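Open the model in a viewer and keep the selection tool at hand.

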Amino acid sequence: MSTAGIYQNRFRALNCCIIVPTYNNQGTLASLLEDLLVYTNQIIVLNDGSTDNTKNILKNFDAIEIRNFEKNRGKGVVLKKGFKIAEELGYDYAITIDSDGQHYPDDLDVFLTELEKRNPGDKELLLIGDRNMGSDGVPGKSATGNDFSSYWYLVVTGFQLHDTQSGYRLYPLKVINSVTYYTWKFEFEIEIIVKASWRKVDVKNVPIKVLYDEKNRVSHFRPFWDIVRITLLYMWFVLVSFFWIHPRNKYRDFKQKGFKRFWKEDIIRSNDSPAKKATAIAVGIFVGLSPFWGIHTFLVFVLAAFLKVNKIIAFLFSNISIPPFIPVILYLSFQVGSVILGNGWDWSLKLEKISSTTDVFLGLGQYILGSLILAITASILVWIVFYLLFSVLNKKQII
């Protein structure tokens with residue numbers, strides 16, 4: 001079976017191939033490969049130790065590069081091998097597509113078109129198919145898992161993706177093959193996009209269609225264990241990004257820009273709107289006054305990443321809870337809690353009043369409530385003040 005394919009010239013011009021990892025997908029594999037051959041014969045199939053009829057099916061596709069692995073090792077392992085094979089065969093890019101029948105081969109055009117827009121000197125591209133997880137027909141557990149992954153991807157990279165788990169992707173092989181990876185199953189597809197983003201690769205979504213045919217589709221994703229591995233991976237990435245990647249990148253920016261430009265662009269972020277600048281400060285104040293002692297730094301970076309505001313400014317203002325101010329914050333929080341609970345301002349507050357475990361828990365609850373109300377109120381007031389201040393300063397600069 002051999003065909004040039006209607007996109008063959010485009011694949012050749014871009015030095016691009018298709019990689020199809022497969023494991024026990026005998027019900028959908030043949031039809032997928034037949035459809036892909038309509039577009040190109042630059043295809044590599046990676047049979048990850050299938051125990052069904054996959055080997056016999058693949059014998060009918062002599063125009064395709066086929067690699068059979070005797071033992072099932074996991075999607076991550078087989079993809080890593082596939083990327084090395086593709087580069088050894090002389091390709092610069094590889095489009096991966098799952099063999100379970102959920103992806104449409106005609107969406108290859110979306111990836112090729114985006115790659116063709118790239119100019120010499122532009123950042124490398126890593127494209128992920130966006131399956132529009134909020135649409136009808138998408139299983140709820142898939143949408144929830146994707147939302148979880150997309151949120152934490154934003155936290156550890158600072159960039160937002162709508163779909164981080166789609167297997168329909170385009171990879172720049174030279175960059176991808178230069179990175180060390182430690183995962184071997186589905187979580188590998190998370191590791192690879194996070195590490196690519198850390199290396200200044202332009203990771204972004206492109207719109208694709210998706211078919212969830214529960215009758216013929218065979219998925220090897222194990223909801224509990226695979227989600228546990230993804231969660232642990234993101235926990236590790238949070239630590240690495242906060243204590244190494246983000247500080248390292250800021251240091252590199254500082255060396256490249258010099259103090260004056262770095263201060264203007266990265267610290268005060270003069271191009272940000274007054275609302276964004278005020279939000280960064282308000283986030284810091286909220287976290288600093290909140291009762292979440294021990295995780296203030298983690299929380300301020302998470303909120304700043306989620307709201308896309310200046311992390312450094314937010315962190316600086318979160319340090320309102322430094323030792324000299326802590327007694328004042330605790331006192332005000334406790335008193336605000338007392339007022340909210342209808343007890344009024346307790347001017348005779350003394351530790352001697354705490355005489356039982358019940359008093360301790362009641363006092364703790366009062367403090368937590370008061371602390372949250374104080375944090376919310378103070379952050380809103382601070383936002384208003386700084387928004388007005390930055391707005392006035394912006395007008396003066398324009399004049």
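A residue counts as buried when its relative accessible area is under 20%. The model is predicted.

Start with phenylalanine 390: at a relative accessible area of 17%, this residue is buried. Now select lysine 277, which lies over the face of phenylalanine 390, 5.4 Å from the ring centre.

Next, select tyrosine 7 and tyrosine 39, both buried. Their ring centres are 5.0 Å apart with planes at 40°, so this pair is tilted. Tyrosine 7 sits in the segment before helix 1 (8–14), and tyrosine 39, 32 residues away, in the loop between helix 2 (29–37) and strand 2 (43–48). Arginine 10 lies over the face of tyrosine 7, at 4.9 Å from the ring centre.

For an aromatic cluster, select Phe148, Trp198, Tyr234 and Phe237. The structure has 15 aromatic pairs.

Last, show the open sheet: seven strands in the order 3-2-1-4-6-5-7, with mixed pairing. Strand 3 (65–69) and strand 7 (202–207) are at the edges; each has a single partner strand, so one side of each lacks a neighbour in the sheet. Strand 5 (residues 125–130) runs parallel to strand 7, joined by six bridges, and leucine 126 stands opposite valine 203 in strand 7. Helix 8 (residues 188–198) packs on the sheet, touching strands 5, 6 (169–172) and 7, with its direction at about 50° to that of strand 6.

Conventions
Residues are numbered from 1 along each chain as its sequence is written. This is a predicted model: local features need pLDDT of at least 70, side-chain atom pairs count only at pLDDT 80 or more; totals for chains, interfaces and linings use all residues. Side-chain values use heavy atoms; hydrogens and water are left out. Two strands pair if DSSP finds at least two bridges between them. Helices (H or I, at least four residues) and strands (E, at least two) are DSSP runs, numbered from the N terminus. Contact means heavy atoms within 4.5 Å. Axes are lines fitted to C-alpha atoms, for helices over the stretch in contact, and angles run from 0 to 180 degrees between N-to-C directions. Rings of Phe, Tyr and Trp (its six-membered ring) pair if their centres lie within 6.5 Å; planes under 30 degrees apart count as stacked, over 60 as edge-to-face and the rest as tilted. Buried means under 20% relative accessible area, exposed over 50%, partly exposed in between (1.4 Å probe, protein chains only). A charge sits over a ring if NZ of Lys or CZ of Arg is within 6 Å of the ring centre and within 35 degrees of the ring normal.
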